[in-house]
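Please look over the structure shown below before reading on. The report that follows takes up a few places in the chains, one after another, and then turns to the wider arrangement.

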Amino acid sequence: MNNISTAIKNGGTAKFAEAAALEGSFRNPSGCAISGIFSKTGKLMSGESIIQSIEIMHERSNGLGGGFAAYGIYPEHKSKYALHIFHNDISAKIETEKYLEETFEISASSTIPTQAVPGIDQGPLIWRYFATPRRDKLRGSQQDEREFTARAVFHINQGIDGSFVFSSGKNMGVFKAVGYPEDVGRFYRLSDYEGYCFTAHGRYPTNTPGWWGGAHPFSLLDTTVVHNGEISSYDANRRSIEMYGYPCTLQTDTEVIAYIIDYLSRRRGLTFEEICRVTAAPFWSEIAKMPEDERKEYEFLRTVFSPYLITGPFSILVGFTGGMMALNDRLKLRSMVAAEKGDLLYCSSEESAIRLIEPDLDRVWAPSGGECVIARLEKDAYKRIYG
Amino acid sequence: MSLNYIYPESEVIRNYDKCICCRACERQCANEVHEYLEEADKMIADDAKCVDCHRCVSICPVRALKIVPTDHDFKKNTSWKKKDIYEVYKQADSGGVLLSSMGNPNEFPVYWDKILLNASQVTNPSIDPLREPMETTVFLGAKAEELTRGENGKLIPITSPQLKLDLPVMFSAMSYGSISYNAHESLARASQEAGTFYNTGEGGLHEDFYKYGGNTIVQVASGRFGVHREYLETAAAIEIKMGQGAKPGIGGHLPGKKVGPDVSRTRMIPEGTDAISPAPHHDIYSIEDLRQLVFSLKEATAYKKPVIVKIAAVHNVAAIASGIARSGADIVAIDGFRGGTGAAPTRIRDNVGIPIEVALAQVDSRLRDEGIRDKISVVAAGSIRSSADVIKAVALGADAVYIGTSALLALGCHLCRTCNQGKCNWGIATQRPDLVKRLNPDIGYKRLVNLMTAWKHEIEEMMGGMGINSIEALRGNRLMLRGVGLTDVELRMLGIKHAGESA
């Protein structure tokens with residue numbers, strides 16, 4: 001353990017693999033800070049505000065992981081899957097790129113721009129590929145484009161030693177590393193990006209040397225999750241979601257939550273509101289008091305999707321194409337504040353992180369446990385950005 | 001003494017300083033152990049007749065009695081124990097198959113006792129069930145639904161038929177015949193009050209108990225005793241009994257002396273005849289036949305009731321359960337080798353089957369590996385002794401458990417394991433009216449409800465400690481379990497880590 005921590009501090013990609021193996025080899029609970037900003041009118045913002053917002057909650061992280069998700073940042077490549085990949089070394093990169101070329105049409109690839117920042121030690125090679133599934137491969141697979149891409153992500157993350165896809169959606173991207181989140185944001189030059197939605201995370205793992213891939217957000221396709229908490233339902237959730245082709249290799253709560261949300265929304269067609277009723281379901285005693293129609297629907301969701309109830313403390317921010325969702329566990333065992341100003345929705349672990357970037361708010365509230373807070377792009381904004 | 005003499009297993013010890021010769025023990029013992037010697041003004045006991053049921057001990061007003069295992073034994077021999085020797089004597093004498101009752105009493109590992117639970121510290125708060133809601137409600141039935149939406153996009157909430165349990169514990173199959181009318185009444189009423197279900201076993205449903213149909217699971221076993229249209233329609237669910245943990249591979253046997261007028265009518269068999277159910281169902285010689293019976297029963301009840309298939313835990317239980325999940329059944333019940341029985345051949349009971357802990361873990365894992373765990377609920381049975389066993393079963397992967405022996409203990413059973421003799425002094429495993437009336441259903445049902453209430457509280461405490469406030473978040477949550485003193489193979493079979501291994 002000590003050797004590996006030292007190795008990571010000293011940097012060196014050769015040791016990166018060792019740390020990666022360690023990260024997934026045990027369950028890793030962590031406390032954290034989260035923050036998010038969303039513009040309903042699709043107004044583009046630089047990444048600077050979200051860095052400042054998460055920075056003020058420095059004390060809630062311990063320097064072992066930080067990260068961001070940004071939506072609407074790649075308008076010139078909006079029809080392509082933006083694959084952000086950590087490669088341990090050149091040989092992993094060569095193997096992964098060979099696979100990518102066989103599977104996708106790659107229209108552009110480059111390293112992700114970074115700048116030297118004290119506090120971010122040398123990590124893996126960080127590459128970005130804009131990709132579209134090859135038509136012949138896609139047709140042969142009998143899958144839709146999204147399922148095809150998701151499986152390719154699993155293929156690389158499980159099958160290629162030393163490469164890890166940490167972002168795979170369209171017109172969005174995840175940026176994460178070992179370090180304090182504000183350092184991570186500056187390392188990735190987040191201020192150079194413009195998006196309509198940003199989420200951020202500062203990690204406080206209890207017993208890990210930290211691995212770049214283990215930082216939040218965790219994502220699959222365009223669904224990203226930043227999460228503060230430690231869920232007690234982890235293994236029940238994991239063993240259920242793994243049935244449906246989501247191997248959980250990182251043993252983190254966030255990974256399993258991201259897969260649950262992807263499964264329920266993309267594969268089962270639940271709305272995000274319905275997903276809240278499944279994952280942070282109201283108590284049976286509350287359901288019993290509902291009007292009949294509503295009661296039946298809630299009962300149905302809780303019964304049919306019972307393996308996906310998440311218990312224990314959590315607050316999460318979920319980013320998805322055209323929207324952001326905030327959700328607390330049903331007892332609200334983690335802090336979460338929401339606020340509005342004009343067309344902007346802010347959600348954060350602490351009010352200070354919102355006030356810092358917008359002191360004059362229209363409304364501030366603490367969503368109750370299980371209350372689903374969702375902001376979506378207005379119709380014309382959606383059309384403009386994704387049409 | 002002759003060759004067939006067998007020294008009594010237990011000795012009745014009477015404290016003559018305390019005994020007042022009230023003769024209560026004499027009146028209460030159906031085995032006629034106690035006798036009053038008028039000339040000596042003294043109670044005596046015939047140890048040979050004693051079954052060690054503690055009835056006399058419990059009712060003695062001056063606490064003058066105790067029953068102790070005898071210290072009389074053969075010359076020490078590791079290979080040939082007293083039991084082995086006496087069983088040879090018995091069989092040499094009778095030429096018969098040895099019969100036993102209740103679960104396997106021999107020394108096999110009890111894995112429940114080698115599994116420990118987790119609790120929250122620091123990073124995750126425990127939840128106090130006295131101050132926060134704590135949910136133990138379980139729905140049993142298939143969950144793999146295709147979602148349908150109405151024109152407005154609203155979900156249309158149609159599910160396969162479900163059984164709603166207020167806690168993940170049901171009373172397992174015990175037939176009217178093997179146990180008494182009053183025992184059945186106690187179970188039926190307790191199920192209603194505790195929000196759970198009891199199971200008729202293969203003995204049919206007495207007409208007086210149709211009113212508890214909403215809490216009744218009716219069994220269809222290989223003998224088809226007592227199965228008719230109204231029986232199926234009254235029930236909340238139907239269970240096809242393919243096997244029983246105490247006697248895998250064989251059918252049931254109710255001795256004719258237990259078949260009085262009421263039992264005869266309920267089972268639809270002639271009075272005084274042995275009720276012998278065949279070893280297999282003679283219309284089920286393979287899985288495709290089971291599927292036909294499952295759907296026959298569903299057709300007969302308009303697809304409104306879940307169908308349970310109960311099997312004994314045998315070596316390839318996981319593959320069998322997987323077949324059952326694909327045969328249209330809504331629930332599979334797995335009965336481990338320590339499960340109880342009213343009567344079973346001793347050799348079968350003591351030597352056939354596998355432990356429920358391992359069987360359950362294997363079934364749950366297999367159903368998940370095949371991606372069909374949501375198609376079926378899993379009920380574990382066979383020596384669930386406490387709320388801790390329930391919690392561990394749920395964390396291994398069970399949706400709920402069945403309890404038989406624990407329920408009978410609540411009704412007064414003292415585990416003397418002589419149910420097959422039909423002379424149960426506690427009024428449970430008997431049809432003799434004078435004995436049956438000793439079990440007062442008004443008290444019996446209350447004691448069962450108490451047991452369920454107590455277990456529910458304990459389940460809530462343990463869940464709260466783990467930071468879990470709803471039972472479904474515990475189901476299959478094996479990271480909450482750790483083994484102690486188990487080998488690598490045992491840990492692998494149970495799918496859990498050893499104590500000390502972090503998550």
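## A proline in a loop of chain A

A:P217 sits in the loop of chain A that runs between β10 (197–205) and β11 (218–220), where helices (H or I, at least four residues) and strands (E, at least two) are DSSP runs numbered from the N terminus. The peptide bond that joins A:H216 and A:P217 is cis, with omega about 0°. Most peptide bonds are trans, and most residues other than glycine have a negative phi.

This is a predicted model, in which local features need pLDDT of at least 70 and side-chain atom pairs count only at pLDDT 80 or more, while totals for chains, interfaces and linings use all residues. Residues are numbered from 1 along each chain as its sequence is written, and chains are lettered from A and ligands numbered from 1 in the order in which they are written.

## Chain A as a whole

Chain A has 14 helices and 18 strands. Its radius of gyration, taken over C-alpha atoms, is 20 Å, close to the 21 Å that the globule rule (2.2 Å times the number of residues to the power 0.38) gives for 387 residues, so chain A is as compact as a globular protein of that length. Along its principal axes, the C-alpha trace of chain A spans about 60 × 50 × 45 Å.

Of the 387 residues in chain A, 55% are buried, a residue being buried if 20 or more other C-beta atoms lie within 10 Å of its own, exposed if 12 or fewer, and partly exposed in between, with C-beta atoms placed from the backbone. Two residues are in contact if their C-beta atoms, placed from the backbone, lie within 7 Å; among contacts in chain A between residues at least 6 apart in sequence, 76% join residues at least 24 apart.

## Where the two chains meet

How many residues of chain B are in contact with chain A? There are 35 residues of chain B in contact with 33 residues of chain A. The side of chain B that touches chain A divides into 14 nonpolar, 12 polar and 9 charged residues, where Ala, Val, Leu, Ile, Met, Phe, Trp, Tyr, Cys and Pro count as nonpolar, Asp, Glu, Lys and Arg as charged, and the others, Gly among them, as polar.

## The domains of chain B

The domain assignment of chain B, which is automatic or from a database, gives domain 1 (10–96) and domain 2 (138–142 + 164–472). The C-alpha centres of these two domains of chain B lie 33 Å apart, and 9 residues of domain 1 are in contact with 7 residues of domain 2. By class, the side of domain 1 that touches domain 2 has 4 nonpolar, 3 polar and 2 charged residues.

## Helix α10 of chain B

Helix α10 of chain B (residues 356–369) has 14 residues and reaches 19 Å from its first C-alpha to its last, close to the 20 Å expected at 1.5 Å a residue, the expected span being 1.5 Å times one less than the number of residues. Because 11 of its 14 residues are buried, α10(B) is largely enclosed by the rest of the structure. The buried residues include B:I356, B:V358, B:L360 and B:L367, and also B:E357 and B:D364.

What covers these buried residues includes α8 (317–325), β16 (331–335), β18 (377–381), α11 (387–396) and α15 (488–494) of chain B. Just after α10(B), B:G371 takes a positive phi of about 70°.

## Single residues in chain B

B:R23 lies in the loop between β1 and α1 (24–28) of chain B and is exposed, with 12 other C-beta atoms within 10 Å. B:S383 lies in the loop between β18 and α11 of chain B and counts as buried, with 26 C-beta neighbours inside 10 Å.

B:K164 is placed in strand β8 (residues 163–165) of chain B and is partly exposed, with 16 other C-beta atoms within 10 Å. Not counting residues up to four places away in sequence, B:K164 touches B:T137 and B:F139.

## Confidence

The mean pLDDT of chain B is 95, and 100% of its residues reach 70 or more, pLDDT being the predictor's confidence in each residue, from 0 to 100. The model scores ipTM 0.92 and pTM 0.93.
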